Amino acid sequence: SSSSSSSSQAGRKDVLRKKLLAEARKIQAQFLQGRRDKMEKLITEKYWKHPIFVEALQLERCCEKLEIDMSQMLLPLANLAREIMDEWNGRLRALAVVRDGDSGKKLLQPYLHWNQLPGWRELLRRLKSILCRKPGHGESTGIRPFLLDLQGVPRNNKDAVDKSIEVYLYPPLKNSNNPYAHLEEFVGDVQVLQKVLNIPGMPVLAEERLS
């Protein structure tokens with residue numbers, strides 16, 4: 001009899017303890033929700049509606065739209081670079097064409113000079129590495145690395161011997177106040193590439209062979 005009474009009391013205590021714990025959790029959840037609502041209201045009124053924050057958000061949205069527009073413009077160039085380096089198994093080589101001069105003499109007009117080829121190959125390599133669906137090492141789903149290239153920001157050399165060397169897409173300009181100089185140089189390169197690829201019957205690519 002005494003054992004059954006003790007077990008009954010223990011059962012009531014266990015039920016009461018569970019109810020108290022449930023009530024405590026409920027009160028704590030209500031308290032936390034109240035604090036959360038209060039903080040959200042404070043943030044909304046003090047920060048989200050603040051003119052500086054609103055302006056910053058508008059600028060961020062504007063930058064996002066510009067980045068999407070630039071990505072759409074760069075995508076054909078990225079695909080072309082991938083096709084040249086991967087699908088065609090080739091690279092650009094020095095190129096010149098013969099044209100008629102004003103005096104009737106034949107003139108040799110260079111399109112791609114031999115000393116420009118390292119820069120051209122680096123340009124194609126960097127274009128190839130942007131806007132990748134499944135980027136690997138040194139590749140990106142976006143265009144921000146290339147935008148930094150056009151701003152004159154160097155990339156670190158991946159050479160295992162000396163990683164301190166900084167590699168520029170375009171050499172730094174001295175005594176130039178034109179902030180768009182690198183962009184203008186890039187546009188000029190794209191125009192030259194377009195002319196070269198549109199020359200009928202001109203062997204532009206040299207096959208890459210492993211030594």
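Me: Is Asp 149 buried or exposed?
Reply: Happy to start there; bear in mind that this is a predicted model, where local features need pLDDT of at least 70, side-chain atom pairs count only at pLDDT 80 or more, and totals for chains, interfaces and linings use all residues. Residues are numbered from 1 along each chain as its sequence is written, and side-chain values use heavy atoms, with hydrogens and water left out. The scale runs from buried (under 20% relative accessible area) through partly exposed to exposed (over 50%), with a 1.4 Å probe and protein chains only. With a relative accessible area of 2%, Asp 149 is buried.

Me: Which residue meets Asp 149 in a salt bridge at 2.8 Å, N to O?
Reply: A salt bridge here is a side-chain nitrogen of Lys or Arg within 4 Å of a carboxyl oxygen of Asp or Glu. The 2.8 Å partner of Asp 149 is Arg 126.

Me: In which helices do Arg 126 and Asp 149 lie?
Reply: Helices (H or I, at least four residues) are DSSP runs numbered from the N terminus. The two residues are 23 apart and link distant parts of the chain: Arg 126 is in helix H3 and Asp 149 in helix H4.

Me: What separates the closest N and O atoms of Asp 86 and Lys 128?
Reply: Asp 86 is partly exposed at 34% relative accessibility. Its salt bridge with Lys 128 has closest N and O atoms at 3.0 Å.

Me: How many salt bridges does the structure hold?
Reply: Glu 122, Arg 125, Arg 126 and Asp 149 are linked in a salt-bridge network. For the whole structure, the number is six.
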